[in-house]
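The sequence and the model are shown first.

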Amino acid sequence: GCFECCIKCLGGIPYASLIATILLYAGVALFCGCGHEALSGTVNILQTYFEMTRSAGDVIDVFTMIDIFKYVIYGVAAAFFVYGILLMVEGFFTTGAIKDLYGDFKITTCGRCVSAWFIMLTYIFMLAWLGVTAFTSLPVYMYFNLWTICRNATLVDGANLCLDLRQYGIVTIGEEKKICTMSESFIKMCESNELNMTFHLFIVALAGAGAAVIAMVHYLMVLSANWAYVKDACRMQKYEDIKSKEEQELHDIHSTRSKERLNAYT
């Protein structure tokens, strides 16, 4: 009935792959959404308080790099949305419900190759996300220094602290772009919510990248288990074929001897 159908459908859901997919989507969404908004806030801070402008012509400056990072974020969001769906399909493909529906042959011949391919691809993506996580920690470190300078400036009266963008490679050595605690721009920047919001957005983006790494590790465990499953299914299929062939041969031998005895008796 309907209850048995629901139980069968629930039993065929790859819950491990489902959890990893939810974690992957959540991590990618946090990284892409918060990272995009944090980059936009960085552009506003550089233009408003550091008085930086876009370079004319085809010169690659920090604003051009930020635009490139935004396009990379768009690509990452689209690519991993599709990749999460593919991994879910692979999870459904190696469950018992699909095995009962399509039989052992398709599971062992196709599923084994698919699982091995996804293991290799997921391992590469895990290394890539480790690099993304390390790269995302850089703006968090930069904004933490800036936030610390703002905090120290309010705690220590008369302290003249400066932040030079040349220290972080944002501008060239010959271009001096620094802001000090005694300037009016620095006071306005520390009092604005834009700095605090951008700093926390980068922190959330870093957490999203870390969640994506955890999801990739989870997927590796799931895919490895699936690969072992289809490998055992392949061996079991070969064993069943050999056993069936031997039983058929014994049956044929028994039938032949029975006919010979019957002929001899008659």
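The sections below go from the overall layout to selected helices, rings and residues.

## Basis of the model

This is a predicted model, in which local features need pLDDT of at least 70, side-chain atom pairs count only at pLDDT 80 or more, and totals for chains, interfaces and linings use all residues. Residues are numbered from 1 along each chain as its sequence is written, and side-chain values use heavy atoms, with hydrogens and water left out.

## Overall layout

Seven helices and two strands are present in the protein. Helices (H or I, at least four residues) and strands (E, at least two) are DSSP runs, numbered from the N terminus. Read from the N terminus, the order of elements is α-α-α-α-α-β-β-α-α.

The protein has 266 residues, of which 34% are buried. Buried stands for under 20% relative accessible area, exposed for over 50%, and partly exposed for the range in between, with a 1.4 Å probe and protein chains only. Of the contacts between residues at least 6 apart in sequence, 77% join residues at least 24 apart; a contact means heavy atoms within 4.5 Å.

## Annotated transmembrane regions

An unreviewed UniProt entry carries the annotation "transmembrane region" for residues 71–93, 114–138 and 201–229. UniProt positions are given in the numbering used here, feature names are shortened, and annotations may be inferred rather than shown by experiment.

In the model, residues 114–138 are 100% helix and 0% strand, with 37 Å between the end C-alpha atoms. Residues 201–229 are likewise 100% helix and 0% strand, and their end C-alpha atoms are 41 Å apart.

## Helices H2 and H3

How do the axes of H2 and H3 cross? Helix H2 (residues 15–48) and helix H3 (residues 62–93) have axes that come within 10 Å and cross at roughly 170°. The two helices are therefore roughly antiparallel to each other. The residues of this contact comprise 22 nonpolar, nine polar and one charged.

Axes are lines fitted to C-alpha atoms, for helices over the stretch in contact, and angles run from 0 to 180 degrees between N-to-C directions. Angles over 145 degrees count as roughly antiparallel. Ala, Val, Leu, Ile, Met, Phe, Trp, Tyr, Cys and Pro count as nonpolar, Asp, Glu, Lys and Arg as charged, and the others, Gly among them, as polar.

## Aromatic rings

The structure contains 12 aromatic pairs. Rings of Phe, Tyr and Trp (its six-membered ring) pair if their centres lie within 6.5 Å. One aromatic cluster is made up of Phe 31, Phe 80, Tyr 83, Phe 118, Phe 125 and Trp 129.

## Selected residues in helices

Thr 21 lies in helix H2 and is buried, at 5% relative accessibility. Leaving aside residues up to four places away in sequence, Thr 21 touches Gly 84, Met 88 and Tyr 219. Thr 21 and Phe 81 are 60 residues apart in sequence, and their C-alpha atoms are 9.3 Å apart. His 36 also has its place in helix H2 and is buried, with a relative accessible area of 18%. With the same exclusion of residues up to four places away, the partners of His 36 are Phe 31, Lys 70, Ile 73 and Tyr 74.

Thr 198 belongs to helix H7 (residues 193–265). Thr 198 is buried, with a relative accessible area of 2%, and touches Ala 38, Gly 41, Thr 42, Ile 45 and Tyr 143, not counting residues up to four places away in sequence.

## A residue between the strands

Where does Arg 166 lie? Arg 166 is in the loop between strand S1 (162–164) and strand S2 (178–180). Arg 166 is partly exposed, with a relative accessible area of 27%. Its contacts, not counting residues up to four places away in sequence, are Val 171, Thr 172, Ile 173, Glu 175 and Glu 176. The C-alpha atoms of Arg 166 and Glu 176 are separated by 7.1 Å, and the two residues are 10 apart along the chain.

Key
Parallel < 35°, antiparallel > 145°, perpendicular 65-115°, else oblique. Phe/Tyr/Trp six-rings, centres within 6.5 Å; stacked < 30°, edge-to-face > 60°.
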